[in-house]
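Have a look at the model below. We'll go through the ligand surroundings and then some strand pairings.

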Amino acid sequence: MLTLEHTLSFEKDGFVLIDDYFSQEETALLLADLENNSRIQDNKFDMPDADGRSSKLSLWGGISDDIFGVVSRLPRMVNGARALLREDVYHWHSKLMFKEPKIGGAWEWHQDYGYWYNDNCPFPRLVSGMLALDDATLANGCLQVLVGSHLAGRLEHGRSGNQSGANPDRVNALKERLAVRPVAAKAGSMLFFHCNLLHSSGPNNSDLPRRAYICCYNAMSNAPFGGKGHGKPTPIDMSTDADLKGSE
Ligand SMILES: O=C(O)CCC(=O)C(=O)O
């Protein structure tokens, strides 16, 4: 459950990391499913970085009909996003991030709203919940955030390979004023972050994978104009903790 302190910390810093949001048993269930989940495995695509290394991503708009969809609909996820955005939310998209040992590449500094602005969301009123499926460390390319950068507003983004990177001069100016924080995260922890928070990650130089499941929610009042964007602005049919255990 999110507390008032979590919400205040999110508003000040643009993110909040909560340990043990999912139990070890729950993350083990997700990892076991992931191995054989052809919907996710067959839809992975590369996100090459500037050095020619790649993370892999599998991304979908509708809520999936499997254990990962159950997670996207759990009250701890949906109510968390509601508390942080202070209104009802709908499912924008969910995605699996894979950083394979020695292969997984870096992510440029960017804001997710750098992408989602172009999907015609009028306001930066989206939040992502990133569930660490493995321990995330600097060595395996954990997320790094620029603390408080969500308050800078939306920055211009340009293409960088398959990725969209924030204007480097702006990022450097913000780095002189704000702290860069690597978010080392234990498996099962949850990082909620604001769509204007600048974040990046390094390559995976370790022998261990770094996998994360990221559920993104949009404020119900913020549906895109012009028929663009992901998901549908409809209320989420919530799942239960028991569904998570029962959907093996
Ligand atoms: O998982 C990562 O290393 C980067 C993910 C990311 O930047 C994103 O999903 O927007």
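What follows is a short tour of the ligand shell and the strands.

This is a predicted model, in which local features need pLDDT of at least 70, side-chain atom pairs count only at pLDDT 80 or more, and totals for chains, interfaces and linings use all residues. Residue numbers start from 1 along each chain as its sequence is written.

Start with the ligand. Around it sit M97, W107, D112, G141, L143, H199, S201, A212 and I214, where a residue is near a molecule if its C-beta atom, placed from the backbone, lies within 6 Å of it. At least two shell residues come from each of β12 (199-201) and β13 (210-219); strands are DSSP runs of E, at least two residues, numbered from the N terminus.

Now the pairings, which require that DSSP finds at least two bridges between two strands.

| Strands | Sense | Bridges | Facing residues |
|---|---|---|---|
| β2 (45-48), β3 (54-60) | antiparallel | 4 | P48, S54 |
| β7 (143-146), β12 | antiparallel | 3 | L143, S201 |
| β7, β10 (180-182) | antiparallel | 3 | V145, R181 |

As for β2 and β3, they make a hairpin with 5 residues between them, and G52 in the turn has a positive phi of about 85°.
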